[in-house]
Amino acid sequence: MRLPERRPSALAGLADRPFEDLDAAQLALLGDALREAVARWPSRRTRRHAVGPAGRRVALRPTIARARRTAWEPVEVVRERQVRRPRRVVLLCDLSESMRAQAHAYLHLLRAFAVTTDAEVFAFATTLTRLTVALRHTSASAAIAHAGAAVTDRFGGTRIATNLRALLASPHGDAVRGAVVLIGSDGWDSDPPDELAAVMARLSRRAHRIVWLNPRAGAPGFAPLVAGMAAALPYCDRLLPAATFRDLLDAAGQLQSVTCTEGRKRFTATPTPRIIA
């Protein structure tokens, strides 16, 4: 009896290929896989309570209201539970010239969060552009096309510190409070490193977690020697590689684990003192 030949699935066959080798259909597969990966996004406790039989706390007002029917004897005790909501995510994607190869794959990552979680999505090069509405289009291809067209300064220079400062000063700056902030960039920045360090310190005090995706972080012998990356690293909770299909899927799982972690632990690796401007 001849057994059927087993072949890898479409996703497995693309797992370790660089983004620049993928066509539009293959990137669409990546988008579908990412949406499934973040479908069960962790929640957070809020200060609100709702009536529920599994609650541990007695709901005084409903209990007293029902006691009116029994001569003010609290025969039926009503309990309430703490309300949980999905943890907000704020994503910022670098669409400068040095990130051209990763641009479309990262936009699929942004769209996966925009359509499945409570997310605010931005892209930046020299200026900051909000893409939340554009990426929530029902058609993935139309959403990516509209988002790319909205970033008028894409594939130009990079000003990470300026754009992070603009986000914190904008009406959307409150969305960062208590949120998981994801920054996708290779760390090349035309702003001075001390400015980036200062704004990252402000961001870390407002955010719940900061995760940095770097397409070069998975290369053998990688060290955060770029001035911008070295300045931002002490304020990051995770530095994750993001150069292939597999990297982005692994990053989605890592994001869920770091979101559920109660205690905060900063990135403790000390970069080599030599800085490349």
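Analyst: Let's start inside: the largest cavity holds about 50 Å³ of space. A cavity is a set of points on a 1 Å grid over the protein atoms alone where a 1.4 Å probe fits but cannot get out; points are joined across faces, edges and corners, and the volume is the space filled by probe spheres set on them. Keep in mind that this is a predicted model, where local features need pLDDT of at least 70, side-chain atom pairs count only at 80 or more, and totals for chains, interfaces and linings use all residues. Residues are numbered from 1 along each chain as its sequence is written, and side-chain values use heavy atoms, without hydrogens or water.

User: Which residues line the largest cavity?

Analyst: Lining residues have an atom within 4 Å of a point. Here they are L91, L92, C93, Y106, L109, L110, L182, I183, G184 and L213. β4 (89-94), α4 (103-116) and β7 (180-184) each give two or more; helices (H or I, at least four residues) and strands (E, at least two) are DSSP runs, numbered from the N terminus.

User: And how do I read the packing of α4 and α6?

Analyst: Two packed helices are described by the angle between their axes and the distance between the axes. α4 and α6 (residues 140-150) pack at about 115°, axes 10 Å apart; axes are lines fitted to C-alpha atoms over the stretch in contact, and angles run from 0 to 180 degrees between N-to-C directions. The pair is therefore roughly perpendicular (65 to 115 degrees).

User: What makes the contact?

Analyst: H104, L107, H108 and R111 of α4 meet A140, A143, I144 and A147 of α6, with contact meaning heavy atoms within 4.5 Å.

Definitions and conventions
On a 1 Å grid over the protein atoms alone, a cavity is a set of points where a 1.4 Å probe fits but cannot get out, and a pocket is an open set with protein on both sides within 12 Å along at least five of seven lines; lining residues have an atom within 4 Å of a point. Angles under 35 degrees count as roughly parallel, over 145 as roughly antiparallel, 65 to 115 as roughly perpendicular and the rest as oblique.
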